[in-house]
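Hi everyone, thanks for coming. Let's take a short walk through one structure together, starting from the inside.

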Amino acid sequence: MSWISPHATSLEVVSAVRCFGGTQYIYRHQSLATGTAMRFAAFVPPQAEHEAAPVVWFLSGLTCTEENFTVKAGAQRVAAELGLVLIAPDTSPRGEGVPDDPEGAYDCGLGAGFYVDATEAPWNTHYQMSTYIVEELPALIAGRLPVDVSRQGIAGHSMGGHGALTMALKNPDRYQSVSAFAPIVSPMNCPWGEKALRNYLGQDRARWRAYDACALIEDGARVPDILVDQGLADNFLDVQLKPHLLEQACASAQQKLTLRRHDGYDHSYFFIATFIEDHLRWHAARLMG
């Protein structure tokens with residue numbers, strides 16, 4: 001199926017609020033990839049009133065929607081200064097008929113799409129989040145929002161950090177920059193990831209490697225460089241996140257990695273808000289030459 005038609009679906013403005021000289025939007029549209037209505041947030045900086053601006057995608061973590069990063073990260077001020085469009089998609093399809101974890105757990109199903117294209121029933125009907133982020137949304141906004149889709153960076157937090165790393169590694173010609181906050185670096189080797197990948201992709205662990213940053217690097221995927229920030233007071237550090245695995249994979253493959261560890265910082269948006277300026281400047285330097 002092609003995602004390039006500019007007339008495939010329409011964008012509905014849910015809200016528009018003036019912010020640091022730009023505008024913070026929430027949009028709704030009908031997704032071809034997920035077969036559901038989807039929402040995303042878009043901050044358009046003042047520079048985009050005159051010319052198309054580079055875009056940084058931010059992928060959020062478990063239980064989040066498009067609102068978490070938009071409301072809590074405090075990113076708009078720096079994005080307005082740098083002239084970056086910020087787009088924050090939702091973390092999963094939602095709506096009537098969309099399957100959820102049968103036990104009501106937060107780590108699979110609604111709010112926990114893990115940015116994969118599911119192949120297993122009942123998830124495969126709607127949970128096509130990789131195609132949605134990488135293909136459909138960029139095609140949808142091209143020509144409708146003042147975005148230069150030839151200059152894209154991608155970032156994320158936790159589950160979204162996993163999504164950002166894997167999407168960048170698999171699409172190095174699409175994303176010129178990548179960064180992550182407390183990412184799940186190897187979902188094949190943590191409880192959250194093992195549960196999600198088994199549900200979405202089936203029992204064959206070889207198929208999981210396409211959605212594991214460490215495995216992708218081991219298998220030859222490369223990007224120019226990676227920035228990761230990790231708090232050392234993060235409750236999920238040792239069991240779910242395991243940044244040392246990414247450090248080892250990058251060292252073995254000579255993949256350039258800047259991994260910064262921070263005493264006292266946890267997994268919350270207070271951590272993200274503290275270092276979001278560093279990340280946006282990292283992306284701007286790579287997207288603006």
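A nonpolar core here is a set of buried Ala, Val, Leu, Ile, Met, Phe, Trp, Tyr and Cys residues joined through side-chain atoms within 4.5 Å. Buried means under 20% relative accessible area, exposed over 50%, and partly exposed in between, with a 1.4 Å probe and protein chains only. This is a predicted model, where local features need pLDDT of at least 70, side-chain atom pairs count only at pLDDT 80 or more, and totals for chains, interfaces and linings use all residues. Residues are numbered from 1 along each chain as its sequence is written, and side-chain values use heavy atoms, with hydrogens and water left out.

So, the core. The largest one has 95 residues, and F40, F69, F114, I133, I154, Y200 and L280 are those with the most contacts inside it. Helix α9, residues 269-287, gives the largest share, 8 residues; helices are DSSP runs of H or I, at least four residues, and strands runs of E, at least two, numbered from the N terminus.

Now the charges. A salt bridge is a side-chain nitrogen of Lys or Arg within 4 Å of a carboxyl oxygen of Asp or Glu, and the count comes to 18. In one of them, D101 pairs with K195, the closest N and O atoms being 2.8 Å apart. D101 lies in the loop between β5 (85-89) and α3 (129-141) and K195 in helix α5 (residues 191-201), so the pair ties together parts 94 residues apart in sequence. D101 is buried at 8% relative accessibility, while K195, at 25%, is partly exposed.
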